Amino acid sequence: MADSSNAGLEAFRARVREVIAKHAPDVPPRAGIRSAEDERELAELRAWNRALFDHGLIGADWPAEYGGRDDHEPMQDVVVVEEIARARLPRPFSGATLASRALLDHGSEEQRARYLPGIRSATELWCQLFSEPGAGSDLASLRTKAVPQPDGSWRVTGQKVWTTDGHWADFGYLLARTDPDAPKHKGISAFVLDMRAPGVTVRPLRELTGTADFNEVFLDDVPVPADAMIGAPGQGWLIANSTLAHERAAVGAAVVGLQQGVEALTALARTVTRDGRPAIEDGAVVETLGILAAEVEALAALVRGGLARWVAGTSRITDAPYAKLMFSELNLRIAEFGLELLGPTGPALADDPAAVEAGRWQDEWLYARAYTIAGGSSEIMRTLIAERGLGLPRSP
């Protein structure tokens, strides 16, 4: 959470709110990280991302020659994601965010010149091609392979899954195994993949929420030029981890979302009834709200400490697992309590006349499970904390 006593940051926050008020896309609030439902929404999101870049709110940490700002401070990124979350608006395109960091930190000058302008203008969309069936939380086990060709190019075969925006993307930030004989973390390389290349098949996945935000991507002997590799052969694991580390600022948005969730639950408890009286007058409801509010504040304190260490370059290996585990489990409990307060009307969809807050709580509840799995499941987070944080014996 950004320091509210910092006058410079608060002035920046005011500017962020002005930009948001002027350029907010016409897209309904939805839980989690969602994809455009149609061409109209996609056009809104392209314009939204372009405005954020044009006003220096994202991409500000890029080198100045690629549009960054010399006066950029890391905590400004936290302010931006906090305010976007507070306005309940979509985050910037996640695939482009990761791909741009990979290109900036590890790509060639030719790659930066070719792809970064399209990311800033949102004329070219990206997706992340990391997760596979059987290689999600254990990403190093990926089996998609890139086979070298006599002319220096590659042929890629395999399957990816949980690919956000895959059906809209022009390019993919791909991890593939290039050396099957190397230790599994060292035989992986990173590539730019043309999503229109022959052999690429994208199949949207219909999820619990009723929407199709993720995709399966099938790669069947896809030709990839030699100059599409990002970095050197075998650097894929290093590149992936270094780009994911730049997502640290997003934890600020997670806390804001939970704080808003508890506030919304409190308001909801004032409007719904339990045993013939307002639910807010039920002692059990008040107790639950108090527990949830206290745990959100505990998470906020944890995140503030983690961000301070991140800025100082002294992050602990357990900072991210602690925050991820606490957020995803708390988020699920908040959503579950929303449905509990609503009773039989809780599962009503947005277009149902009985729906409350346009079906917000059923959408929050259905999506909340995804957070306990995506980006490292709760089980993986507990294992990391136990083994790397507490020094307990490794799992057999």
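## Cavity

The structure holds one cavity of 30 Å³ or more. Here a cavity is a set of points, on a 1 Å grid over the protein atoms alone, where a 1.4 Å probe fits but cannot get out. This is a predicted model, in which local features need pLDDT of at least 70 and side-chain atom pairs count only at pLDDT 80 or more, while totals for chains, interfaces and linings use all residues. Residues are numbered from 1 along each chain as its sequence is written, and side-chain values use heavy atoms, with hydrogens and water left out.

The largest cavity has about 30 Å³ of space; a volume is the space filled by probe spheres set on the grid points, which are joined across faces, edges and corners. Its lining is made up of L342, T345, G346, A348, A355, V356, G359, W361 and Q362, where lining residues have an atom within 4 Å of a point. Five of these lining residues are nonpolar, four are polar and none is charged. In this scheme Ala, Val, Leu, Ile, Met, Phe, Trp, Tyr, Cys and Pro count as nonpolar, Asp, Glu, Lys and Arg as charged, and the others, Gly among them, as polar.

## Second largest pocket

A pocket is an open set of points with protein on both sides within 12 Å along at least five of seven lines. The second largest pocket holds about 430 Å³. Its lining has 19 residues, and P29, R30, A350, A358 and D363 lie nearest the centre. The lining divides into nine charged, six nonpolar and four polar residues.

## Helix packing

Helices are DSSP runs (H or I, at least four residues), numbered from the N terminus. Helix 3 (residues 74-86) packs against helix 8 (residues 283-312) at an angle of about 145°, and their axes are 10 Å apart. The axes are lines fitted to C-alpha atoms over the stretch in contact, and angles run from 0 to 180 degrees between N-to-C directions. P74, M75 and V78 of helix 3 meet L307, W310 and V311 of helix 8, with contact meaning heavy atoms within 4.5 Å. The residues of this contact are six nonpolar, no polar and no charged.

## Two buried residues

L330 is found in helix 9 (residues 319-342). L330 counts as buried because its relative accessible area is 2%, buried meaning under 20% (1.4 Å probe, protein chains only). Leaving aside neighbours within four places in sequence, L330 is in contact with L258, L292, E295 and V296.

Q111 lies in helix 5 (residues 109-121) and is also buried, at 5% relative accessible area. Not counting residues up to four places away in sequence, Q111 touches L103, L116, D227, A228, M229 and I230.

Definitions and conventions:
Buried means under 20% relative accessible area, exposed over 50%, partly exposed in between (1.4 Å probe, protein chains only).
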